[in-house]
Amino acid sequence: MIDRHPWLDALAHAVLIAGVLIVAFPVYVAVIASTHGPNDFMSGLVPLLPGSDAIANYRSMLTDGLSSSGAPPLGGMLWNSLVMALSIAFGKIAISILSAYAIVYFRFPFRAVAFWMIFVTLMLPVEVRIVPTFKVVADLGLLDSYAGLTIPLIASATATFLFRQFFLTVPEELMEAARIDGAGPLKFFRDILLPLSRTNIAALFVILFIYGWNQYLWPMMITTTSSHYTIVMGIKRMSDVADALPQWNVVMTTVVLALLPPVIVVVGMQRLFVKGLIETEK
Amino acid sequence: MSAIEITGVSKVYAGGVRAVSDVSLSIADGEFIVLVGPSGCGKSTLLRMIAGLETITSGTVAIGNRVVNEIDPAARNIAMVFQNYALYPHMSVYDNLAYGLRNRGVPKTDIDARVAEAARMLEIEPFLTRKPKQLSGGQRQRVAMGRAIVRKPDAFLFDEPLSNLDAKLRVSMRGEIRQLQRRLGVTSVYVTHDQLEAMTLADRIVVLNGGRIEQVGRPLDVYHNPASTFVASFIGSPAMNLAEAEVTGGAVAIGGQVVASGVSGVKDGQVIVGLRAEDIQPAAPGTGVPFAVRYIEELGALRLVHGSVEGRHLTMALSPDLPLADEMKVVVAADRLHFFEDGSGRRMTR
């Protein structure tokens, strides 16, 4: 055991506080910047105290958007991001829990092949296979649609692996007891396995929601009309204006709004999230 | 309630490992059978084949005159109690008991009544709303038993149900299982590696070794007439003393030292002689065989004295009030000796 000394405690706290400050300061700057008018940034100095334009900034971004940099109102983009993040999270969880169930509990021909094919997708993230994936999505006529935004990102193995590892820790006797109790494969899945996976599903949901929400490259590639833009793309478009100064106040307003849904998801599911990562309920 | 008929059953795993070889066994209606043997002897495999959790390579298993080889576990109308209880962790005790009944479409009022009855019998009524996690090991064991009882099965199958309990609880649960089985009169097959559990629970013991049946019999028959050196060394604590011996004209010699004479019905030659620890006792002054004491184990009511006769290790069980010495003279009860063939280890008829 480590001895407890007051000065060690103090040191530990100092390190932790320093860490929090380093992480929190940029967020603070973003929040403060979103409360200033457009001219407060011309001086080159970043303001550190709240300004008076918060309400105006947020109202204009939510209702009108920033037409000069081709950004539609944020409401639509937030909605698109939400649809994308939720579809990816639910789609991945549904597909991966079913495939993990098949791989762990059923003996079928080419089971090992199926397993290794899933495994291989782990090594091929979207960025690597972006050109062929784009071609496939284009040929299927899915460009500029929600389906095109989400389906290529749903196919991946990480979640399958997590569920597989979890299923392997579920005692085999549980399945045998269920068989003797007259539960078929689907009933066992629904009545036993799914409830036991509850915390894992919650943890994965949080991770996948943020993964989907933060997607940037893929939505950029396949969306061409502003009605399908996501919020993360919007930030980039606004800060990347040609022949003008970026309007940092509204960019930061957008950033703060884009930050909120993941924060809400994390805070709301924190209890289950932590449980899912550290505890197995058996 | 049904008889179980096992005929020529074998189990060969995909890798060619032979877990059970040509086992035949008739279990009468209401009988309590204990399968006992060391780990890897095939006892659990045999039980799981009766349950339907393991396919049968050859032979047949019939429960109540119906061959069940191809019948799903749920349709065999058996109930199984697992070593780690296998309770559904996310369900309350009530739901754990009711789950199997619900799957069979038993009416709700009927389920309530059956669960209540089983809970009363096992004294788990206060816990019905709790989760298994909130129960102690003994209580979980009761719930697992309850899940078996509510099914009103043709047979109970127990797979080392007491191994996860502490020693004291094991003894009391053992008694309860016995009483419960007597009261319900349900045919039971119980797997254990603990010979004491086998002795105390069974109507008949089945000793398995290497996938084959070594002996079937009532506990005391198996104890007093072990069919082989394997059974002799497995059943009874302390294990039966086994030593190579030479028989010449009714005199039994261990390492050249004659320990008993006047033994009839045993042919001259090399044998394995078996003698229970309680059948070796100190000799009257001036008689007996020298016995070099090595160490002593105090059991309270008994004292186990480990030592040797002519270098062959033997254990005797003495009353604690008998005096001890480093070098003792002992006498063995000639009429209680067991003789086994040298080599095969089979019991020799006398």
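B:Glu310 sits in the loop that links strand E17 (303-309) to strand E18 (312-318) of chain B. This is a predicted model, so treat what follows as a tour of computed geometry. B:Glu310 is no glycine, yet its phi is positive, at about 55°.

## Another positive phi

Most residues other than glycine have a negative phi. B:Tyr85 is another non-glycine with a positive value, about 70°. Look for B:Tyr85 in the loop between strand E6 (78-81) and helix H2 (93-103) of chain B. B:Tyr85 is buried, because 24 other C-beta atoms lie within 10 Å and the cut-off for buried is 20 or more.

Most peptide bonds are trans. The one joining B:Ser237 and B:Pro238 is cis, with omega about 0°. B:Pro238 belongs to the loop between helix H8 (229-234) and strand E11 (241-248) of chain B.

## Where the chains touch

Now for the contact between the chains: 16 residues of chain A meet 16 residues of chain B. On the chain A side, the elements giving two or more residues are helix H8 (172-180) and helix H9 (185-196) of chain A. Which element gives the most to that side? That's H8(A), with six residues.

Key
Residues are numbered from 1 along each chain as its sequence is written. Chains are lettered from A and ligands numbered from 1 in the order in which they are written. This is a predicted model: local features need pLDDT of at least 70, side-chain atom pairs count only at pLDDT 80 or more; totals for chains, interfaces and linings use all residues. Two residues are in contact if their C-beta atoms, placed from the backbone, lie within 7 Å. Helices (H or I, at least four residues) and strands (E, at least two) are DSSP runs, numbered from the N terminus. A residue is buried if 20 or more other C-beta atoms lie within 10 Å of its own, exposed if 12 or fewer, and partly exposed in between; C-beta atoms are placed from the backbone.
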